[in-house]
Amino acid sequence: MPAAQSAAPPHQRQVLSPKVASWLQVAPMAVIFTLMVLIPLAIIFVVSFLDYDFAQVFPELYLGSWVDLFTSQLTLNLYALTFKFVAIVWVVTFVLGFCIAYFLSFHVRSGALRLLLMAAIAIPFWTSGPIRMVSWVPLLGREGLINQALMGLHLTSEPVTWLMYSEFAVLVAYINLLTMPMVAAMANSMAKIPHSVIQAAKDAGASEGQIIRDIIFPLIKPGIAIGSIFVVTAVMGDVFIVKQMSGSQVNTVGMSIVTELNAFMYPPAAAKSIVLLVIVLSIVGLLLRFADIRKELQK
Amino acid sequence: MTDATTTPSYKYKSASAKTGLSRRALLKTGAAAAAASALPAPMLWAQNIKDITITHIGQSYSTIPQIAEKANEDLDFEVVMQTAPDTTTHVNRLLTQPDTVDVTDMPNTNMKYFLGRGVLMPVPVSAYKYWDQTLSLFVDGTYPDGTAASLEGYAPIKSQYWKDESAQEFSLTPTDYLVGVPMYYNADTLGIRPDLIGRPIDSWGELLNPEFAGKVALQDGVSTGIADAAMALEALGEVTYVDKGNMTKAEIDATIEKLIEYKKAGQFRSFWSNFDQSVQLMASGEVELQSMWSPAVTEVRTRGIECTYQGMKEGYRGWYIMMSAMNHLEGLKRDCAIEYMNWVNAGWAGAFISRQGFYNSVPDNAKEFMTADEYGYWYEGKAAQGDILNPFGKVMEKAGATRDGGALWDRMGNIGIWNTLMDEDRYLVRQWQDFLSA
């Protein structure tokens with residue numbers, strides 16, 4: 001494109017109609033998107049209909065991957081568990097995220113302190129993922145701090161084993177990881193609410209509960225939606241945390257795809273990926289109805 | 001390398017030292033061609049060998065920096081090691097970008113993925129110097145006393161030879177073409193925390209004993225996890241197999257059904273998928289009993305925690321790693337790749353890896369680079385006279401200790417199952433997910 005422009009004499013530039021100009025402007029992104037996203041997706045789609053064995057995919061039509069995906073108990077189990085994780089993590093991070101963001105935005109008066117507290121939320125992320133996962137063992141493990149405390153207080157005689165390598169442990173790690181984006185998204189939306197509006201409500205005699213329900217909630221909907229998108233996509237796409245925290249004993253949709261990829265069985269993994277993608281995109285589309293991202297970015 | 005002083009220098013070095021010239025120096029003087037005829041193996045270094053780079057791709061257990069350093073010291077071409085993070089990445093790289101690799105080492109269970117692909121080079125038996133010193137277990141699938149080794153699972157002999165030079169099919173009987181050069185192997189068994197268990201453990205069946213509910217781990221990954229589980233289920237008589245290393249669909253169903261019962265009853269604490277995890281599970285006391293690799297047991301012990309690794313009455317689970325070269329190699333580079341494969345089994349690297357608890361396929365060569373005490377401890381089941389050091393110079397056993405399970409053939413001679421990749425892999429992977437989901 002730059003070459004075409006420099007080749008054209010200056011007075012001819014106006015010849016380019018606005019429509020052509022916009023097409024040219026989107027062209028680079030369109031090319032990248034087509035090459036790096038659409039074509040690979042199309043290939044994945046095609047592969048999901050092929051026969052396979054021992055790291056080979058044969059160019060023969062085989063519907064087994066899709067039949068299994070749509071008729072097996074396994075699929076139901078995988079999605080039931082994945083959605084259970086999404087639901088629990090979303091509710092907990094929403095409640096935690098809202099309380100923390102509300103406190104930071106409306107109860108911490110000093111701007112510097114607010115910034116400091118925001119930064120403090122990020123402290124767990126100063127270290128790498130694998131280290132963070134291993135660090136749960138000294139806390140939640142059989143001989144971990146919590147079990148030592150429980151036994152020290154004579155609340156239990158045997159170590160509590162469901163704290164680690166369990167669904168509970170997976171949830172703890174998710175919530176630990178995903179509360180921060182929820183806080184950040186909501187605090188960002190709250191920061192845009194003029195204090196004068198809150199003040200006016202207070203002057204008119206509104207209680208704190210009324211202010212939250214009638215003013216803050218409606219105004220931070222975009223923040224809630226963005227935070228939720230973050231949480232939902234992170235949980236649905238995760239394979240690392242669930243593997244580490246459950247000791248590979250919990251099978252989610254993502255884990256199932258990884259198991260098949262590790263066994264070089266591409267067609268069933270491709271079929272599962274496509275269904276997962278469709279589901280995640282639908283959820284994101286639904287959530288975006290609550291948030292106009294373009295409007296958010298313009299503010 | 002604390003052991004370097006106790007081991008003789010590499011053969012090739014001493015050979016060229018006799019002439020008073022290093023090979024590199026010869027090349028520099030440009031007198032290579034003239035001198036070549038006066039020295040053994042002139043073919044390889046008569047030309048621009050120093051410009052050749054051999055890329056060796058392996059995993060953390062084989063691409064060890066100290067070995068690369070020594071290889072570059074001994075050989076006149078450059079050896080570059082790259083470490084694949086996991087088997088999937090490793091195999092994918094070999095299958096999809098074979099031209100970026102020259103030499104690789106892989107568990108033999110992967111070999112099925114390479115059938116009919118034309119990616120691996122048939123290694124002529126005549127090009128490999130140590131075939132006549134290689135253990136018969138790999139040469140023809142027999143033990144030293146002539147009896148046939150177990151064929152349950154993916155026994156080494158199942159993918160040791162190509163049928164012919166076209167390298168399309170394996171042969172169960174010796175031919176002139178090797179799929180790869182035998183490298184390391186071992187007999188794995190259960191790692192045990194005797195301080196926590198307090199009674200002898202002598203059967204794989206104990207993995208499923210309710211006494212240890214919530215205190216055992218399986219290896220993650222379908223093919224290893226199922227092999228461990230099959231050893232246990234067969235020991236308990238809960239499932240009977242024709243070949244537990246290559247199950248029928250009905251046997252897979254029966255196995256998965258039993259495993260789901262055990263999982264629901266809370267038998268398994270965790271599954272481990274790498275070395276560090278297995279060490280961490282054992283060292284932290286999360287798990288008291290699990291199938292382990294020898295160096296992981298060593299690591300637990302180096303931390304001062306008791307961990308035993310003796311054989312079970314049903315035998316060990318054997319595994320085997322071989323080194324293959326890629327089919328795109330030709331000319332001088334091909335010669336260098338073969339030279340490197342020869343070097344790997346010439347002793348130094350074999351001794352290094354032996355100190356980690358693995359065995360080398362040419363023990364005679366490794367022996368030359370180990371002290372008598374080391375060789376006695378690692379290979380002959382003798383009590384250590386002095387401290388036994390790991391390859392990195394850390395004391396791992398005090399004088400008087402003997403290796404769990406005894407001598408090489410006490411361990412390798414008693415294989416109950418080999419690591420496996422079953423014919424019904426596709427069905428197994430599918431059913432295994434039901435187990436994980438349960």
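How far apart do the end C-alpha atoms of residues 79-287 of chain A lie? Look for the answer in the first view. This is a predicted model, where local features need pLDDT of at least 70, side-chain atom pairs count only at pLDDT 80 or more, and totals for chains, interfaces and linings use all residues. Residues are numbered from 1 along each chain as its sequence is written, while chains are lettered from A and ligands numbered from 1 in the order written.

**View 1. A record-marked span of chain A.** The end C-alpha atoms of residues 79-287 sit 19 Å apart.

**View 2. The largest nonpolar core.** A nonpolar core joins buried Ala, Val, Leu, Ile, Met, Phe, Trp, Tyr and Cys residues through C-beta atoms within 7 Å; buried means 20 or more other C-beta atoms within 10 Å of a residue's own, with C-beta atoms placed from the backbone. This one has 129 residues, and B:Ala325, B:Ala337, B:Tyr340 and B:Met341 touch the most other members.

**View 3. Where chain B meets chain A.** Chain B brings 24 residues to the contact and chain A brings 25 (C-beta atoms, placed from the backbone, within 7 Å). On chain B's side, H17(B) gives the most, with seven residues.

Methods: A residue is buried if 20 or more other C-beta atoms lie within 10 Å of its own, exposed if 12 or fewer, and partly exposed in between; C-beta atoms are placed from the backbone. Helices (H or I, at least four residues) and strands (E, at least two) are DSSP runs, numbered from the N terminus. Two residues are in contact if their C-beta atoms, placed from the backbone, lie within 7 Å.
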